[in-house]
Amino acid sequence: MDVALPSFYYERLFEGMLVTLQVLLYAFLIGVALSIILGVARLSSSKTARTLSLIWIEFTRGISSIVLLFWMAYALPILLGIRQPSLLLMGSIALGLNMGGYGGEIVRGAIQSVPKGQTEASIALNLSEFQRLRYVVLPQSLRVILPPMGNLTIEILKGTALVSLISLSDLAFEGTKLRTSGRLNPDAPSAAMLFLNILLIYFVLSQIISGLYRLAEWRVNRRFEGARTEVELPDATTTTAGAG
Amino acid sequence: MTSTTDPELTPSSGHDDDVAGGEAPAHHDLTPPKVRPWWLHPKALIGAGIAIVVLAVLWRFGGGDVRFSTDSRPAPGSTFDWSYFWALVPDMLRGLAVTVQATLAGFALAAVLGLVLAIARRSTIKVISWPVAGFIEFVRSTPLLIQLFFLYYVLPGWGFTMEALVTLILGLGIHYATYASEAYRAGIDSVPKGQWEATTALNLGPITTWSSVIIPQAIPNVLPALGNNLIAAFKDAPLGASIQVTGILAFATAAAGRSFDAGVEPYTLIGIGFLMVSIPSAFAVRRLEKRLAYERTN
């Protein structure tokens, strides 16, 4: 059995992969922004913000991403009176909303894992609420956020395959098109080989994503451990001056 | 797995079925109380009974070949026609039943296969554990949609022709078995090392070790994670529409396809139908999680 496909297959699949990565990028950006907003809002001192973010999270987590995707693609444009919606944008928003719901809970858990003394210290230092989050709490929670966020990003990569069902020409869509056109051609590679190749492409992509996350985790951890040893060094004056 | 959590053993006015021989309980009675295995506990039996009834009802009314009967259309020119919306409800429920049925059957498969995968992955024989670990990693990081296409279009070529619903069940089962195996692995790791050492000391064979020492202690810790996987599987089950399973999404697509601009009501309806199932289930899983955490600390 020959696993490799003819080269024009790979050209088509590559074009599909670009669409997949594009959807992934948009969904990721929306998802991360929503995660931070929702995670912080869940722990806000305002009761309205807490309740609204809880409802939002339960809604986006409870509804299936595929149902949300179809609703965003086919129902929302009619309700809003948009004739020609950009399906790429709608699909990315649907996946991003889904990611935001799960990510919000990750961020909330991570913020809660930061020792309370850090918050108290930043209040004592007279930092504003925003400064406290931006410079003290969120950087420290990053260590806890990254591993589950990596898994979530891979889930969203898998979720991008769904946009093929609303006729976006992503990797999965190109695959089904190639299968249909190949049925008329007796020399075409079998469906098994075609789908195996697509599965392998997704697998490689997800391994790359998890590699990137591991790299980020390593860098974040190094920064933390570096900071700690600097404080513990006996002749702190020389080393801290360099690290600034 | 301790007797202290068993409400049957707390003293009450009409007691003593559990005390051996029906004798009056002495103050310093050192005979161990009879502890039923967890699967003989009344709660477990009631739960299993309900599950069987629900499954039977689903099987009866949500057969694999559902025909959607409503033929109504929205009033022309309206953005949201309520009468059309209500007319769609019976068909939606029929589609939902198929989706729920596929989820439960697929998850039953996943729960069993996941345990097998988890045990195989822990195997000391590398010829078994490495391919299993690779398989789990591969299936976990590739989309279920493509896996379904693979099963649906490739297996018939290899001589396995299946109904679409069976393909969906198989696909969901294999996909979520890899998730379940991770949950089982965490549960098995949570069993104290002393239990393993005790089985060695008692000279128990591997089958007895797993079936009567490790698994009964691991299962309660795994239940919340499995519950979350079940909800996740339910959210992925509409994917069956892409391989012609007449589930909830196929219903909406069919209804939307009947006339131009008719997508609002059916897609909104299935969204509501979904939330009606998944939010209570998520709530139940969270209750279970809290309860188990409470029992463990007591």
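Colleague: Which element gives the most to the lining of the largest cavity?

Modeller: That's α8(B), with 3 residues. Keep in mind that this is a predicted model.

Colleague: Noted. Which elements give two or more residues to that lining?

Modeller: Those are α2 (82-121) and α8 (248-257) of chain B. The lining residues include B:Val98, B:Thr99, B:Ile248, B:Leu249 and B:Ala250. Also on the list are B:Leu168, B:Ala237, B:Pro238 and B:Val245, among others.

Colleague: How does the lining of the largest cavity split by class?

Modeller: There are 9 nonpolar and 3 polar residues, with no charged ones.

Colleague: And what's the volume of the largest cavity?

Modeller: About 50 Å³. The structure holds 2 cavities of 30 Å³ or more.

Colleague: OK, switching to the interface. How much area do chain A and chain B bury between them?

Modeller: About 3,300 Å², and 75% of that is on carbon and sulfur atoms. On the chain A side, A:Ile78, A:Lys158 and A:Leu199 supply 18% of the area buried against chain B, more than any other three residues.

Colleague: How many residues does each chain bring to the contact?

Modeller: Chain A brings 37 residues and chain B brings 36.

Colleague: What about polar contacts and salt bridges between the two?

Modeller: Between chain A and chain B there are 12 residue pairs in polar contact, with both residues at pLDDT 80 or more. As for salt bridges, the count between these chains is 1. It pairs B:Arg286 with A:Glu58, and their closest N and O atoms are 3.3 Å apart.

Colleague: Which parts of chain A make up the side that touches chain B?

Modeller: Five helices each supply at least two residues: α2 (47-62), α3 (65-80), α6 (129-159), α7 (171-182) and α8 (191-232) of chain A. Of these, α8(A) gives the most, with 11 residues. By class, the residues on that side of chain A divide into 25 nonpolar, 6 polar and 6 charged.

Colleague: Back to salt bridges, then. How many are there over all chains?

Modeller: The count comes to 10. One to look at is A:Glu174 with A:Arg12, where the closest N and O atoms are 3.1 Å apart. That pair links distant parts of the chain, with A:Glu174 in helix α7 of chain A and A:Arg12 in helix α1 (residues 7-42), 162 residues apart.

Colleague: Why would side chains like that pair up?

Modeller: Side chains of opposite charge can pair when their charged atoms come close.

Colleague: Last one: where does A:Ser44 lie?

Modeller: A:Ser44 is in the loop between α1 and α2 of chain A. Its side chain reaches the backbone nitrogen of A:Ser46 at 2.9 Å. Leaving out residues up to four places away in sequence, A:Ser44 touches A:Ala49 and A:Arg50.

Colleague: And how far apart are A:Ser44 and A:Met72?

Modeller: They're 28 residues apart in sequence and 29 Å apart in space, C-alpha to C-alpha.

Notes. Residues numbered from 1 in each chain as written. Chains lettered and ligands numbered in written order. Predicted model: local features only at pLDDT ≥ 70, side-chain atom pairs only at ≥ 80, totals over all residues. Heavy atoms only, no water. Contact = heavy atoms within 4.5 Å. Buried area = accessible area lost by both parts, 1.4 Å probe. Salt bridge = Lys/Arg side-chain N within 4 Å of Asp/Glu carboxyl O. Polar contact = N/O pair within 3.5 Å; in protein donor to acceptor, adjacent residues only side chain to side chain. Helix = DSSP H or I, 4+ residues; strand = E, 2+ residues; numbered from the N terminus. Nonpolar A, V, L, I, M, F, W, Y, C, P; charged D, E, K, R; others polar. 1 Å grid on protein atoms, 1.4 Å probe; cavity = no way out; pocket = protein on both sides within 12 Å on 5 of 7 lines; lining within 4 Å. Points joined across faces, edges and corners; volume = space filled by probe spheres on them.
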